Amino acid sequence: MLDIRRLRLLRELKVRGTLASVAAALNFSPSSVSQQLALLENEVGVPLLRKTGRRVTLTPQAEILVDHAAGILDAMERAEADLAESLTTVTGTVRVAVFQSAALALMPDALTILGRDYPEVRIEMTQREPETALYETWARDFDLVIAEQYPGHAAPRHPGLDRVQLTTDAIHLAVPAESLGGGDIRSIADTASRAWVMEPRGAASRHWAEQACRQAGFEPDVRYETADLQAQIRLIESGNAVGLMPELVWTGRTPTVRLLDLPGRPRRTIFTSVREAGSQRPAILACREVLERTARLLSSA
C-alpha cells in the first residue's frame, strides 16, 4: 500500500519544481521532504528522482505516480465534501485568494454576512494577483479564488478548476480634476503626453491598459508602477498621473478623480474559481452564495 502523504509530496515536487519550494509550502524541512521521497522510492522499487545539476527531476515512473496522486487527492477532497454535506451544520475553513479591488468592495460585507449566517465557517483571506492565485488554487494552496478577466484577455485556465461569473464592472479613464490640469482631457487620446500609472508588467490590467493606449494611437509614458489601487488613486487625484480605473474600486465612496468613458464602454469580468473536486463542500457553497448575494447588492446600489 503506497503512502498517500508521500504521493502528495511527489505531486508537490512536480507542481513547485524544487525540494525547497515543497518544503516551504508544506512547512517541512528540505531534508524531511527528501527522506520521505526516498522512502516512497523504496516502496515502489524504482527510481523516482534524477539529479539534474543542483535540481532533481522526475523519472517517467514518477510522472505515472503523479497522475494517480492527483486523482487520489481529488477523490479524497470529494469524500470530505460528501462527509461535510451529511452534517446539519455548515462548518470548516475556506482559504480565499482575492485581488485588491474585490477585497475592498466585496469582502467586508461578505464576511459580515458569513459571520452572521454561517458562524462556524472560518474564512482565511489572502490578497493575490489573479494569475498567481488561480495557479495556487489549482496547486491546493487556496480553496477559492476571486479573479478578474479583462475584455479580450482570457485569464489562465487550469485543469480541474471551474469558473463562475460573479459580476462585471466598467473600466474608466481616471484623470485629475480640472483645477489640477485634467480639464483638457476628453478622451484617452488626449493623454498621449501625460504620465501614466499602471500595475506592474505581467498583470492582465497592465497588458489591457497598454493595448487601449496603443489602439488610441500612442505608447503610454508609464512613469509609475504599483499594484496598489489606492496609491494609483492618490497619484491621479494629486495631478501627477492618469490611469485606467475599474468601477468597483469606488464602492462605498465618492470618486475623487474625473472618470471618463472609454470607447465601447468596456467592462471587466469578476469570477470565482474552485477545484471541481471540492466545489460541493458546504462551506464553499456558502461562501459562493454570499459572494453572489453581495455582488447583487452592489450592482443594485
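Modeller: A residue is called buried when its relative accessible area is under 20%, exposed when it is over 50%, and partly exposed in between, using a 1.4 Å probe and protein chains only. The model is predicted, so local features need pLDDT of at least 70 and side-chain atom pairs count only at pLDDT 80 or more, while totals for chains, interfaces and linings use all residues. Residues are numbered from 1 along each chain as its sequence is written, and side-chain values use heavy atoms, with hydrogens and water left out.

The part I take is helix 6, residues 107–117. Helices (H or I, at least four residues) and strands (E, at least two) are DSSP runs numbered from the N terminus. The buried residues of helix 6 are M107, A110, I113 and L114. These four cover an arc of only 130° around the axis, which puts them on the same side of helix 6; the arc is taken from the directions that run from the helix axis to the C-beta atoms. T112 and R116 are exposed on the other side of helix 6.

A contact means heavy atoms within 4.5 Å. The cover over the buried residues of helix 6 includes strand 3 (92–98), helix 5 (100–105), strand 4 (121–127), strand 5 (144–149) and helix 10.

R116 also takes part in a salt bridge with D117, at 2.8 Å from N to O. The term means a side-chain nitrogen of Lys or Arg within 4 Å of a carboxyl oxygen of Asp or Glu. R116 is exposed, with a relative accessible area of 56%, while D117 is partly exposed at 32%.

The whole structure holds 29 salt bridges, and two others can be set beside that one. R194 pairs with D184, the closest N and O atoms being 2.8 Å apart. Both R194 and D184 lie in the loop between strand 6 (164–175) and strand 7 (195–198), so the pair ties together parts that are 10 residues apart in sequence. D184 is exposed, with a relative accessible area of 53%. Besides D184, R194 touches G181, I185, D221 and V242, not counting residues up to four places away in sequence. The C-alpha atoms of R194 and P220 are 8.0 Å apart, although 26 residues separate them along the chain.

E210 and R201 form another salt bridge, with 3.1 Å between the closest N and O atoms. Here E210 is buried, at 7% relative accessible area, and R201 is exposed, at 62%.

Salt bridges also link D74, E77, R95, R140, D143, R275 and R281 in a network. E77 is one of the buried residues of helix 4, the others being A62, L65, V66, A69, L73 and A81. That helix, residues 60–85, has 26 residues and reaches 38 Å from its first C-alpha to its last, close to the 38 Å expected; the expected span is 1.5 Å times one less than the number of residues. Its buried residues pack against helix 1 (4–16), helix 3 (30–44), strand 2 (55–58) and helix 10 (282–300).

I4, I72 and M76 make a nonpolar surface patch of about 210 Å². Patches are built from residues with over 30% relative accessible area and no salt bridge; like charges are joined within 9 Å, and nonpolar side chains (Val, Leu, Ile, Met, Phe, Trp, Tyr) within 5 Å. Accessible areas come from the Shrake-Rupley method with a 1.4 Å probe, and for residues only the protein chains shown count as cover.

As for the rest of the chain, the secondary structure comes to 10 helices and 11 strands. The C-alpha trace spans about 75 × 55 × 30 Å along its principal axes. Of the 301 residues, 44% count as buried. Among contacts with a separation of 6 or more, 73% join residues 24 or more positions apart. The protein exposes about 14,900 Å², of which carbon and sulfur atoms supply 51%.
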